[in-house]
Amino acid sequence: MKRYEVSFEVEGPAAMFNRPDAGSTPISYPVPTYSALKGMFEAVARLHGAYLRPVRVEICRPIRFEKYATNYGGPLRKPDQIKKGNNYQLVATILVDVCYRVYGDVQPTGDGDGSLNRLHALQVMFERRLANGQWYYPPVLGWKEFVPTYFGPLRDGSRPEPDVNLFLPALLHSVFDRPKAGRVAPSFRRNVHVREGVINFEEAAGAE
(Lines give C-alpha, C1' and ligand atoms only; values in the text may rest on other atoms or scores of the structure.)
Protein backbone atom coordinates (compact mmCIF):
# COMPACT_ATOMS: atom_id res chain seq x y z
CA MET A 1 0.00 0.00 0.00
CA LYS A 2 1.25 3.47 -0.86
CA ARG A 3 2.55 5.44 2.12
CA TYR A 4 1.28 9.00 2.53
CA GLU A 5 4.00 10.84 4.46
CA VAL A 6 3.82 14.16 6.31
CA SER A 7 6.27 16.24 8.35
CA PHE A 8 6.68 19.46 10.30
CA GLU A 9 9.25 21.32 12.38
CA VAL A 10 8.59 22.91 15.77
CA GLU A 11 10.82 25.16 17.87
CA GLY A 12 10.29 26.93 21.17
CA PRO A 13 11.88 28.28 24.37
CA ALA A 14 10.22 25.70 26.65
CA ALA A 15 8.53 22.30 26.52
CA MET A 16 6.96 19.88 28.97
CA PHE A 17 6.29 16.22 28.15
CA ASN A 18 5.19 15.08 31.58
CA ARG A 19 6.28 11.78 33.07
CA PRO A 20 3.22 10.14 34.69
CA ASP A 21 5.36 8.84 37.57
CA ALA A 22 6.53 12.32 38.61
CA GLY A 23 3.64 12.97 41.00
CA SER A 24 2.96 16.48 42.29
CA THR A 25 6.31 17.82 41.07
CA PRO A 26 6.11 17.37 37.28
CA ILE A 27 9.22 16.31 35.40
CA SER A 28 9.50 16.24 31.63
CA TYR A 29 10.74 13.33 29.62
CA PRO A 30 13.93 14.32 27.78
CA VAL A 31 12.11 13.75 24.48
CA PRO A 32 8.62 14.43 23.09
CA THR A 33 6.07 11.66 23.40
CA TYR A 34 4.08 10.04 20.60
CA SER A 35 0.82 11.39 22.05
CA ALA A 36 2.14 14.98 22.25
CA LEU A 37 3.30 14.86 18.63
CA LYS A 38 -0.01 13.35 17.50
CA GLY A 39 -1.74 16.30 19.17
CA MET A 40 0.45 18.72 17.19
CA PHE A 41 -0.47 16.94 13.93
CA GLU A 42 -4.16 17.11 14.83
CA ALA A 43 -3.92 20.82 15.63
CA VAL A 44 -3.34 21.34 11.89
CA ALA A 45 -5.61 18.86 10.10
CA ARG A 46 -8.25 16.22 10.76
CA LEU A 47 -10.48 14.08 8.55
CA HIS A 48 -13.10 11.45 9.25
CA GLY A 49 -11.77 7.99 8.41
CA ALA A 50 -8.05 8.79 8.76
CA TYR A 51 -5.53 10.08 11.25
CA LEU A 52 -1.95 11.42 11.30
CA ARG A 53 0.51 9.08 13.02
CA PRO A 54 3.95 10.19 14.32
CA VAL A 55 6.67 7.83 13.07
CA ARG A 56 10.01 9.49 13.77
CA VAL A 57 11.33 12.59 15.52
CA GLU A 58 14.71 14.28 15.19
CA ILE A 59 16.00 16.20 18.21
CA CYS A 60 17.79 19.23 16.79
CA ARG A 61 19.11 20.89 19.96
CA PRO A 62 21.08 19.61 22.97
CA ILE A 63 18.79 18.44 25.78
CA ARG A 64 18.61 21.00 28.60
CA PHE A 65 16.47 20.95 31.74
CA GLU A 66 15.55 23.90 33.96
CA LYS A 67 13.33 24.51 36.98
CA TYR A 68 10.02 26.24 36.32
CA ALA A 69 7.47 27.59 38.80
CA THR A 70 3.94 28.77 38.17
CA ASN A 71 0.84 29.51 40.24
CA TYR A 72 -2.00 27.01 39.76
CA GLY A 73 -5.55 28.19 40.41
CA GLY A 74 -7.58 25.28 39.08
CA PRO A 75 -10.00 22.76 40.60
CA LEU A 76 -7.30 20.31 41.76
CA ARG A 77 -6.29 22.57 44.65
CA LYS A 78 -7.08 21.54 48.22
CA PRO A 79 -10.60 22.55 49.36
CA ASP A 80 -9.17 25.06 51.87
CA GLN A 81 -7.10 26.72 49.14
CA ILE A 82 -10.16 27.01 46.91
CA LYS A 83 -12.27 28.42 49.76
CA LYS A 84 -9.68 31.08 50.58
CA GLY A 85 -8.92 31.86 46.95
CA ASN A 86 -5.28 30.81 47.30
CA ASN A 87 -3.22 29.50 44.41
CA TYR A 88 -0.94 26.50 44.55
CA GLN A 89 2.68 27.06 43.51
CA LEU A 90 3.61 24.34 41.05
CA VAL A 91 7.32 23.60 40.62
CA ALA A 92 8.34 21.58 37.57
CA THR A 93 11.41 20.47 35.65
CA ILE A 94 11.01 21.39 32.00
CA LEU A 95 12.97 21.31 28.76
CA VAL A 96 14.33 24.57 27.35
CA ASP A 97 15.43 25.72 23.88
CA VAL A 98 13.93 22.83 21.93
CA CYS A 99 13.66 22.13 18.23
CA TYR A 100 12.19 18.99 16.65
CA ARG A 101 11.71 17.72 13.11
CA VAL A 102 8.72 15.38 13.16
CA TYR A 103 7.83 12.81 10.50
CA GLY A 104 4.63 10.83 10.21
CA ASP A 105 2.19 9.18 7.87
CA VAL A 106 -1.54 8.96 7.34
CA GLN A 107 -3.35 5.87 8.61
CA PRO A 108 -6.97 4.70 8.17
CA THR A 109 -9.29 4.48 11.18
CA GLY A 110 -11.63 2.01 9.50
CA ASP A 111 -14.73 4.19 9.74
CA GLY A 112 -14.59 5.89 6.32
CA ASP A 113 -17.25 5.29 3.69
CA GLY A 114 -14.82 4.56 0.85
CA SER A 115 -16.05 7.46 -1.28
CA LEU A 116 -12.58 9.02 -1.58
CA ASN A 117 -8.93 8.34 -0.84
CA ARG A 118 -8.98 9.76 2.69
CA LEU A 119 -5.28 9.08 3.25
CA HIS A 120 -4.25 11.24 0.32
CA ALA A 121 -6.91 13.83 1.15
CA LEU A 122 -5.63 14.22 4.71
CA GLN A 123 -2.02 14.43 3.51
CA VAL A 124 -2.89 17.25 1.08
CA MET A 125 -5.01 19.03 3.69
CA PHE A 126 -2.20 18.88 6.26
CA GLU A 127 0.47 20.16 3.88
CA ARG A 128 -1.72 23.03 2.68
CA ARG A 129 -2.81 24.15 6.14
CA LEU A 130 0.73 23.86 7.55
CA ALA A 131 2.16 26.00 4.73
CA ASN A 132 -0.59 28.62 5.27
CA GLY A 133 -0.20 28.71 9.06
CA GLN A 134 -3.74 27.41 9.65
CA TRP A 135 -4.78 25.24 12.60
CA TYR A 136 -7.82 24.32 14.68
CA TYR A 137 -6.09 25.36 17.89
CA PRO A 138 -2.58 26.68 18.56
CA PRO A 139 -0.06 23.81 18.67
CA VAL A 140 1.82 23.61 21.95
CA LEU A 141 4.95 21.94 23.30
CA GLY A 142 3.22 19.87 25.97
CA TRP A 143 1.70 22.41 28.37
CA LYS A 144 -0.57 25.00 26.79
CA GLU A 145 1.53 27.93 27.97
CA PHE A 146 4.52 26.61 26.02
CA VAL A 147 3.72 27.90 22.54
CA PRO A 148 6.24 27.49 19.71
CA THR A 149 8.20 30.32 18.17
CA TYR A 150 8.21 28.33 14.92
CA PHE A 151 5.75 25.72 13.69
CA GLY A 152 5.76 24.93 9.99
CA PRO A 153 7.45 23.02 7.16
CA LEU A 154 10.93 21.56 7.62
CA ARG A 155 13.74 24.12 7.38
CA ASP A 156 17.03 23.53 5.59
CA GLY A 157 19.28 24.49 8.52
CA SER A 158 17.95 22.03 11.12
CA ARG A 159 19.73 18.75 11.75
CA PRO A 160 19.53 16.05 14.46
CA GLU A 161 22.04 16.38 17.29
CA PRO A 162 24.52 13.50 16.86
CA ASP A 163 25.57 13.64 20.53
CA VAL A 164 22.04 12.94 21.83
CA ASN A 165 22.08 9.21 22.62
CA LEU A 166 19.69 7.97 25.31
CA PHE A 167 18.13 4.81 26.65
CA LEU A 168 14.64 5.21 28.17
CA PRO A 169 13.37 2.21 30.17
CA ALA A 170 9.78 3.41 29.65
CA LEU A 171 8.18 6.16 27.57
CA LEU A 172 4.52 7.12 27.51
CA HIS A 173 3.09 6.22 24.12
CA SER A 174 -0.62 6.93 23.94
CA VAL A 175 -3.13 8.11 26.54
CA PHE A 176 -6.08 6.48 24.73
CA ASP A 177 -6.77 2.96 23.47
CA ARG A 178 -7.73 4.06 19.93
CA PRO A 179 -6.43 6.72 17.52
CA LYS A 180 -9.85 8.43 17.56
CA ALA A 181 -12.68 8.50 20.12
CA GLY A 182 -10.79 6.16 22.45
CA ARG A 183 -11.08 5.53 26.16
CA VAL A 184 -8.39 6.57 28.63
CA ALA A 185 -6.01 3.62 28.77
CA PRO A 186 -2.37 4.76 28.86
CA SER A 187 0.19 2.58 27.08
CA PHE A 188 3.97 2.69 27.26
CA ARG A 189 6.91 1.67 25.13
CA ARG A 190 9.74 -0.16 26.88
CA ASN A 191 13.47 0.08 26.22
CA VAL A 192 13.30 3.05 23.86
CA HIS A 193 16.56 4.17 22.24
CA VAL A 194 17.50 7.64 21.02
CA ARG A 195 20.35 7.22 18.54
CA GLU A 196 22.26 10.29 17.33
CA GLY A 197 19.26 12.50 18.03
CA VAL A 198 16.64 10.29 16.40
CA ILE A 199 13.72 8.31 17.85
CA ASN A 200 11.90 5.84 15.62
CA PHE A 201 8.51 5.01 17.13
CA GLU A 202 8.05 2.07 14.77
CA GLU A 203 11.16 0.39 16.20
CA ALA A 204 9.65 0.62 19.69
CA ALA A 205 6.21 -0.56 18.64
CA GLY A 206 6.55 -4.10 19.96
CA ALA A 207 6.36 -3.49 23.71
CA GLU A 208 3.31 -2.08 25.50
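Trainee: Is helix H1 enclosed or open, and how many of its residues are buried?
Mentor: In this predicted model, nine of the 11 residues of helix H1, which spans residues 34-44, are buried, so the helix is largely enclosed by the rest of the structure.

Trainee: Which residues of H1 are the buried ones?
Mentor: They are Tyr 34, Ala 36, Leu 37, Lys 38, Gly 39, Met 40, Phe 41, Ala 43 and Val 44.

Trainee: What covers them?
Mentor: The cover over the buried residues of H1 includes helix H3 and several strands, among them E1 (5-15), E2 (50-59) and E4 (88-108). Strands E5 (150-152) and E6 (166-176) are also included.

Trainee: Lys 38 is on that list. Why does it count as buried?
Mentor: Lys 38 has a relative accessibility of 11%, and buried means under 20%.

Trainee: Which residues does Lys 38 touch?
Mentor: Leaving out residues up to four places away in sequence, Lys 38 touches Tyr 51, Leu 52, Pro 54 and Pro 179.

Trainee: You mentioned H3 as part of the cover. Where is Met 125?
Mentor: Met 125 belongs to helix H3, which runs over residues 118-132. Its relative accessible area is 17%, and Met 125 is buried.

Trainee: What is Met 125 in contact with?
Mentor: Apart from neighbours within four places in sequence, Met 125 is in contact with Ala 45, Arg 46, Leu 47 and Tyr 136. Ala 45 is 80 residues from Met 125 along the chain, and their C-alpha atoms are separated by 6.4 Å.

Trainee: New topic: how many disulfides are there?
Mentor: A search of the whole structure finds zero.

Trainee: What does Asn 71 touch?
Mentor: Not counting residues up to four places away in sequence, Asn 71 touches Asn 87, Tyr 88 and Gln 89. From Asn 71 to Val 91, 20 residues apart in sequence, the C-alpha to C-alpha distance is 8.8 Å.

Technical notes: Residues numbered from 1 in each chain as written. Predicted model: local features only at pLDDT ≥ 70, side-chain atom pairs only at ≥ 80, totals over all residues. Heavy atoms only, no water. Disulfide = S-S within 2.5 Å. Helix = DSSP H or I, 4+ residues; strand = E, 2+ residues; numbered from the N terminus. Buried < 20%, exposed > 50% of the residue type's maximum accessible area, 1.4 Å probe, protein only. Contact = heavy atoms within 4.5 Å.
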